[in-house]
Amino acid sequence: MATDISQPRTRAPRPSIGVVEWLRQNLFSNWWNSLISIVLLIIISQVLWGLFRWIIGSEGWIAVASNVRLILLGRYPSAEVWRPQLIVAMASLLLGLSGGIWRGIPLSLAAGFSGIMLLLGFVSFAMPASETPLPISTTLFLFGTAALGAAGIAAAWRLRDMLRWPVVAGWLLLYPVAILILHGSGGDTTIGTNLWGGLLLTLLLSVSGIVLSFPLGILLALGRRSKLPVIKWFCVGYIELIRGVPLVTLLFMASLMLPLFLPAEVRIDAVVRAIVAVTLFSAAYLAENVRGGLQSLPRGQTEAAQALGLNPVQITLLITLPQALRAVLPVLVGQFIALFKDTSLVVIIGLTDLLGAAQAIYTQPQWLGIPGGVWRETFFVVAGIYWVFTFTMSRTARKIESNLNVGR
Amino acid sequence: MSNQTTDDIIVCEGVNKWFGEFQALKDVSIRVKKGEVVVICGPSGSGKSTFIRTINRLEEHQEGRIFVDGIEMTNDIRNIDMIRREVGMVFQQFNLFPHLTVLQNVTLAPLWVRKKTRKESEAKAMELLNRVGIVEQALKYPGQLSGGQQQRVAIARALAMEPRIMLFDEPTSALDPEMVKEVLDVMKTLARGGITMLCVTHEMGFAREVADRVVFMDHGMIVEENTPDTFFTNPRHERTKLFLSQIL
Ligand SMILES: Nc1ncnc2c1ncn2[C@@H]1O[C@H](COP(=O)(O)OP(=O)(O)OP(=O)(O)O)[C@@H](O)[C@H]1O
Ligand SMILES: [Mg+2]
């Protein structure tokens, strides 16, 4: 819906008060509040001071710094690092273009992404060069990506109407193209998925899970409401079966049992099996959430559409589904955030995702000399990476939500 | 259909309808002529909504026959579709699509059901919105309009399909009193414009002014029908008298 409703946003004027007054009102309004405030301030400052001393003083960071590639890409060969770099650059350009076209949320995402890339560029610039020279210097790549994002914004700002459909097509193509690029063209240049790891694998698993489970879950939700008993009971059976078991079981089944059922010559890639398990799992939950959204709609919506002569398919696609998806958007984002974090379970079936990379790092023999090991530093960084992604997702969702609430 | 004169656009013969054990319509028969405006009234739960909803198959009847513009209402989807193209409906709760703008609400069916071009449907929609007096709100969402405005959009949305028959189910009951008039005015213009109207309402002023006939229902039956004049001044049945004494 491209119509934007520009309304003057008048806010009640907020009385400006000084810092001291603010402190008095909010933290020290009476003796009891003051006591709590003081105790909390002491605790917080203790924690922060401890954190600060640890961050400054620890030798463990060297383990993280010398394993950046393992964290981001797993054992992806260093000569081929340009492939993921190319994809990130493409994504940055698309994000920039989207920001220029649709403004609002895409724009802040694009700006945020380019900003982070720029920041990382400076960090990388200041750091000593890595021991194995990469085809393209990391610093150059980071600055280049930031620049592409900015260029995208600028270009689309001008050519808004012309770029709209190409950009949509670009996003749709990004996923398959990314897989092709990452995997290589076959023969010698093939990079087997057994080498994919770290953040790359985590993103691959969760993006695949989200992208693939979305249509599947919607179909299951619609199927569960179908009047045809065969379809209905199949969907009910599927949903209840999957929701009744933990994801770990599905991952084990996919990795250990699937090969038993298939003929010996059919070997399915371990990553593909993990993607299948994650998708099947996520789809069942998504189906239930979407069904909840469909049920929350007043019956009058369908009746009005029927009275207008729309057929059942049109009613679903134009009336009920869009409304249901909007209604459950916050729940879906919550589900996808959970999925993003749940992909860390693939460690159990021997894949080295972000969490797996952390484990691989702190068990490296060269850090044995460091007192206390390096696991704190490693997990701190990895948790930080998880947090950046999930925080971005939930913030974006909240903004979308408040945008959708316009006119209700 | 031997016994249908060409003038009758709606014919119901002995319509019976059950919800489980409960019989909501009992032997309902009525003929409505082209261009006629029929007001249906009766106490709550008497089956008024159920009755007009059988005419576009929002409710399925179990016995009796219903013909709309010569098409018999059967289980055949094609018949149902044909009839729904002839019949527009306006609901008590408006039932606008909240995720679409006013303009999109009105153009939806012409685009997807009549397969008109966007340009055509939008031109027609703007004309209709102009007619119901809310053309300035075309790009707003239903949630941004008042109840009276929403109901007028709902009328425009139904008219966009160029129906020959309009069904109204208590179109003003959910409105604040000061908005009732703006909706009734639109309906009156429509009634005088010659479209066939079946209208469940307790707005007796409206009935007096534009109805050709008033039908009184109770306990799923048509108890009495007459011209507004006779109906209000000289009701025949005790139930009708009681009902009129309660609402007038
Ligand atoms: N879907 C349904 N299932 C079961 N019973 C129903 C259903 N819809 C209506 N009824 C019953 O059928 C009877 C007639 O209902 P209907 O809605 O047609 O009444 P009405 O005359 O429109 O009343 P009101 O003035 O309150 O709108 C009522 O007793 C109602 O409880
Ligand atoms: Mg009713």
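Is B:Cys41 buried or exposed, and what is its relative accessible area? B:Cys41 is buried, at 0%, where buried means under 20% relative accessible area, exposed over 50% and partly exposed in between, using a 1.4 Å probe and protein chains only.

The model shown here is predicted, so to speak of local features we need pLDDT of at least 70, while side-chain atom pairs count only at pLDDT 80 or more and totals for chains, interfaces and linings use all residues. Residues are numbered from 1 along each chain as its sequence is written, chains are lettered from A and ligands numbered from 1 in the order written, and side-chain values use heavy atoms, leaving out hydrogens and water.

**View 1. An open, mixed sheet in chain B.** Here 6 strands line up as S6-S7-S8-S3-S9-S10. Strands are DSSP runs of E with at least two residues, helices are runs of H or I with at least four, and both are numbered from the N terminus; two strands pair if DSSP finds at least two bridges between them. At the edges sit S6 (87–90) and S10 (221–226) of chain B, each pairing on one side only. From one strand to the next, the twist averages 20°.

**View 2. Strands S9 and S10 of chain B, side by side.** S9 (residues 213–218) and S10 of chain B run antiparallel, with 5 bridges. One bridge to look for joins B:Met217 to B:Ile222 in S10(B).

**View 3. Two chain B helices pack on the sheet.** H6 (residues 177–192) of chain B touches S3 (37–41), S7 (165–169) and S8 (196–200), and its direction makes about 145° with that of S8(B). H9 (residues 238–247) of chain B touches S3, S9 and S10, at about 100° to S9(B). Axes are lines fitted to C-alpha atoms, for helices over the stretch in contact, with angles from 0 to 180 degrees between N-to-C directions; contact means heavy atoms within 4.5 Å.

View 4. The whole structure has 0 disulfides (cysteine sulfur pairs within 2.5 Å). The sulfur of B:Cys199 is 11 Å from the closest cysteine sulfur, that of B:Cys41, so the two are too far apart for a bond. B:Cys199 is buried too, at 0% relative accessibility.

**View 5. B:Thr201, in the loop between S8 and H7 (204–210) of chain B.** This threonine is buried, at 2% relative accessible area. Leaving aside neighbours within four places in sequence, B:Thr201 contacts B:Val39, B:Ile40, B:Cys41, B:Thr172 and B:Phe206. The B:Thr201 side chain also reaches the backbone nitrogen of B:Glu203 at 3.0 Å.

Note on methods:
Polar contact = N/O pair within 3.5 Å; in protein donor to acceptor, adjacent residues only side chain to side chain.
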